[in-house]
Structure formats: structure tokens, C-alpha cells
Amino acid sequence: MGPPHRLSGRLGQRTVVRGVGSDDRAELSLDVKTEVRFCPSCGSELHSRRIEGHDLPACPGCDFVAWKGPKVAVALVARDSQGRVLLIRRGIPPGQGGWAFPGGYVDDEEEPAVSALRECLEETGCEAAVDDLVGVFHVVTEDGGLVVLAYGGRLVAGVPTPTAEAPELAWFQPGEMPPLVFSSHRRAMQAWQAGLALVS
Ligand SMILES: [Zn+2]
């Protein structure tokens, strides 16, 4: 038997989640995973099989197993020369209407630091540079896991400009920030401030 196949989240069905949340639900993937019913390799109907402690859809005809994995997202803690941090008010779900760092999901085959720069450009109109890794934050929800890589960085070109994804943008001193909508971003801010304390 060869290695098991792994399903990507792209098999999920994109669903718009309405409403604003300030808890982990705001951070849920928009890809509500539909239960995979048929083997994408041989077409057989899948049956639940207990594997390594998980009940997973598995193929009786070949070695296909619909493994589940966390989604991966990035956030960019961009600071300026005055020590302020750039926040966006999110214009789209998840977390629509709440404040957050620029960020989003990592595309397949995309290097995560590049994802952070791409998301920053898409949301703020600004090119950025990554300086360091603030931390890796794991969020578990009833609908699945999410791993958030938070980078520290700075803007290198452009002026923050509202976009559909981020209709409001502002620089904040760390002590004067509005509540962040994502728990992973709150933890990243705490980690970043703790790191600041260590080096200052
Ligand atoms: Zn199969």
C-alpha cells in the first residue's frame, strides 16, 4: 500500500458566514467542509473507518483516506518608526466589521511569509517586508483547526488606502488599540509586546 492521499480544503464548499463575532467562531474557515462521499481516486463510495483515533471517510476499494488537516493563515504585525501598529477593519468575513492585522489564508504552494506580504498588499495597497516571526498560534474550533503564523514587519512602499477587504485602516499605539476580532491576533499582539519588553 502506498502512502494515503490527503484531501485539500479545496474540496470544501465556500459558504458566506454572516455576522460579526469576537470569539473563535469569527476565525472559522469559510470552507465549510462537505462530507466527502465518493473516492476521488477510484469512485467507490467511502465508508467511515477508525484510523489513528479518528473516524475518517475511507475507500474500501483503494488506499484513499480523506484525512483532515488544519487550515493555515498568516497575519502581519506591521509597525512604523513611532512604534505604532497597523490595523484594518475587516470588510469581509470572517470577522467582518472587527479590527485585525492584515492577513489571510495561505494559498496552496505559497510560502507563508509571501502570503503575509500578498495579503497586506491586497488589503492596504502597501508593499511590506517581513522582519521576524512573532509566533505560531493554533486555534481549535468545533469545525476544525486553524494555524496562524504571525509575522512582524513594516511597510516599505505605498500609503495605507481603504479597500473592499479593509474599508478602514489606522495606526495605533499598542496601548491604545481597539479589541482585535481574532483570538490568534490578540495572542500575537501579546507575544509581540512581550518580545518588545525583552529587547527594550
Ligand atoms: Zn478508492
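Two strands count as paired when DSSP finds at least two bridges between them. In this predicted model, S6 and S11 pair in the antiparallel sense over five bridges, and leucine 87 stands opposite alanine 170 in S11.

**Confidence**
- The mean pLDDT of the protein is 84, and 80% of the residues score at least 70.
- Strand S7 (residues 99–100) has the highest confidence, at 98, while strand S1 (residues 13–14) has the lowest, at a mean of 32.
- The pLDDT is below 50 over residues 1–23, a stretch that has 41 contacts in the model beyond near neighbours in sequence.
- Residues 29–33 are also below 50 in pLDDT, and this stretch has 17 contacts beyond near neighbours in sequence.

**The four-strand sheet**
- Four strands form an open sheet in the order S8-S5-S10-S9, and their pairing is mixed.
- The edges of this sheet are S8 and S9; each has a single partner strand, so one side of each has no neighbour in the sheet.
- From one strand to the next, the twist averages 20 degrees.
- S5 and S10 are parallel and pair over eight bridges. Here alanine 73 stands opposite valine 148 in S10, and valine 77 has glycine 152 in S10 as its bridge partner.
- S5 and S8 run antiparallel and are joined by three bridges. Alanine 75 has glycine 103 in S8 as its bridge partner.
- S5 is mostly covered, with seven of its eight residues buried.

**The three-strand sheet**
- A further open sheet has three strands in the order S7-S6-S11, with antiparallel pairing.
- S7 and S11 are at the edges with a single partner strand each, so one side of each is left without a neighbour in the sheet.
- The pairing of S6 with S11, over five bridges, belongs to this sheet.

**Helix H1**
- H1 has 13 residues (112–124), which at 1.5 Å a residue should span 18 Å; the C-alpha atoms at its ends are 18 Å apart, in agreement.
- H1 lies across S5, S8, S9 and S10, and runs at about 60 degrees to S5.
- The buried residues of H1 are Ser115, Ala116, Leu117, Glu119, Cys120, Glu123 and Thr124.
- An α-helix has 3.6 residues a turn, so residues three or four places apart point the same way.
- The cover over the buried residues of H1 includes strands S5, S6, S8, S9, S10 and S11.

- In soluble globular proteins, nonpolar side chains tend to be buried together.
- The largest nonpolar core has 35 residues, and those touching the most other members are Leu76, Val77 and Ala150.
- The elements giving two or more residues to this core are S5, S6, S7, H1, S9, S10 and helix H2 (183–199).
- Leaving out residues up to four places away in sequence, valine 77 touches Val85, Phe101, Val134, Ala150, Tyr151, Gly152, Ala188 and Trp192. One of these contacts, Gly152, is also the bridge partner of valine 77 in S10.
- A second, separate core has seven residues, among them Cys39, Leu46, Cys59 and Val65.

Conventions
Residues are numbered from 1 along each chain as its sequence is written. The expected span of a helix is 1.5 Å times one less than its number of residues. A residue is buried if 20 or more other C-beta atoms lie within 10 Å of its own, exposed if 12 or fewer, and partly exposed in between; C-beta atoms are placed from the backbone. Two residues are in contact if their C-beta atoms, placed from the backbone, lie within 7 Å. pLDDT is the predictor's confidence in each residue, from 0 to 100. A nonpolar core is a set of buried Ala, Val, Leu, Ile, Met, Phe, Trp, Tyr and Cys residues joined through C-beta atoms within 7 Å. Axes are lines fitted to C-alpha atoms, for helices over the stretch in contact, and angles run from 0 to 180 degrees between N-to-C directions.
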